[in-house]
Structures are given as structure tokens and as C-alpha cells.
Amino acid sequence: FSAYCRDICTGLQTRIDSIPFRSEDTSAMIKALLTGERNGLSSEIKSAFRDSGASHILALSGLHLGIIYGIVRHLLSVIGNSRAALYTKAFITISACGFYTLATGAGPSIVRAFLFIFLNEIARASHRHHTTGSVLFAALIIQTVISPASIRSVGFQLSYAAMAGIAFIYPWLRDFWPSGEGYPTSLKSRMNIMKRIWEAASLSIACQITTGPLAYIYFKSLPLNFILTNLIAL
């Protein structure tokens, strides 16, 4: 089944290559964003993404699987929230995300993202209380037991470091924004827009705090404009 999934991914890459884009970099970029195939990217493009703090966009990770997860969950919202519906949504969501994980090679970072979705859906369907931190540690234990060697992977380390920032630093930064109670209605609407921007910025800051040291150790780069880059990218 894994080989079948990979064949579909290879077929998609072939289709992308057959599209007559004006620049060869376009097809290489699309393949990197959709399938994780980065061999066709020029060193200039890779350096530009790394130096701007957006290299995680080119590496298949929770961002990519999260988009698929969001689409599938939105499409399945029409079937309701009965017990049968919860199990059905969990099964379809896990299957769709698992298929994409296998099709794109099941790298350490994408496997981490899949384990997060798998554990989250199981907990949701069984009405079990869970936090991002508890899911983080459960996924870490499962992945290291199944594949102990993956802990040496840079993608594995950066992926879990980013999630540690989201789990433990992001909520603290996010809550710095004032609640807006007692503010005029006209001001509240503008504050809601600014709040969304702050939440996205604080998410980027949280991830940078935990991944920045690793990125500097491995790549000798520490992007200073990562907040702007990630706001635009998101």
C-alpha cells in the first residue's frame, strides 16, 4: 500500500513537470510545496527561504498536513457530532492524512504531524481530555519507540522543538493581548483584527524561540525578519 501511495505521488510530480510554466523554478517550487520533493530547487531559492526563516514551508510538516486536516474536517462537518459521526470523521480524517503521509515518503516531521492528528482524533472520538503538551509527549514516545534512529534527524528535532514552543510558550505570549472588555464596539472590531495578527505573530515567535538555537547550530543562520516572513506566508 505504501508503494501504491508513492506511485500516486510520483504521478503527481510528473503531471506538474508537464505543465509549461515560464520558469523551471515554478514547477520545482510546486513539487516542493505539495510533495516535499526539493531536489529541483536551486540553491538560491533554498538559501532565500532559510535566511528569511521560512524554510519550514518547503519541508513537509504540520503546516501542510494541517491544511489537509482543516479541509477534511470542514467537509465532514455536515455529518454532525453524533457518536457515529465522530467515529466516521475520525476514520476518514486519519485515513486521508495517513495516505498523504505515506505518499510523500513518511519523513520524520510529517510522521510527527500525523501522530498529532491521529492522537487528537482518537481523543476527540472517545471524549478524552487532552492538551497539546500531552499529545506532544505521547507522539514523541511513539515515534522514538517505532523509529529510534529518527531522533538524529534534523527535521525530527526541529519539528518537535517547534511544537514545544506552540504547546508551552505560545499560550503565554497569546494571552498578552488585552481581552477588550469595556472597550467601545467600534474599537473591539479593530482590536479583533489586531488580535488575529498578534496570535499569528506570537505563534511565529514561540516557534522561533525553540527552533532558533537548533537552526543556528545546524545551518549557522538566525533570521531576524522571521515574523514578517511567516505572517506573509501564512
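**Pocket and helix packing**

Biologist: Which helices each supply at least two residues of the lining of the second largest pocket?

Modeller: α2 (24-35) and α5 (62-76) do; helices are DSSP runs of H or I, at least four residues, numbered from the N terminus. A pocket is an open set of 1 Å grid points where a 1.4 Å probe fits, with protein on both sides within 12 Å along at least five of seven lines, and lining residues have an atom within 4 Å of a point. This is a predicted model, with local features needing pLDDT of at least 70, side-chain atom pairs 80 or more, and totals for chains, interfaces and linings using all residues. Numbering runs from 1 along each chain as its sequence is written, and side-chain values use heavy atoms, without hydrogens or water.

Biologist: Which one gives the most?

Modeller: α5, with 4 residues.

Biologist: And which residues line the pocket?

Modeller: Leu33, Leu34, Ile57, Leu63, His64, Ile67, Ile68 and Tyr100.

Biologist: Switching topic, at what angle do α5 and α7 pack?

Modeller: About 35°, and the axes of α5 and α7 (residues 108-125) are 8 Å apart. Axes are fitted to C-alpha atoms over the stretch in contact, and angles run from 0 to 180 degrees between N-to-C directions.

Biologist: Which α5 residues meet α7?

Modeller: Gly62, Leu65, Tyr69 and Arg73. Their partners in α7 include Ile110, Phe114 and Arg124. Contact means heavy atoms within 4.5 Å.

Biologist: How do α6 and α7 cross?

Modeller: At roughly 175°, with the axes of α6 (residues 83-103) and α7 coming within 9 Å. That makes α6 roughly antiparallel to α7, a label for angles over 145 degrees.

Biologist: Which residues make that contact?

Modeller: Among them are Leu86, Tyr87 and Tyr100 of α6, and Ile110, Phe114 and Arg124 of α7.

Methods. Parallel < 35°, antiparallel > 145°, perpendicular 65-115°, else oblique.
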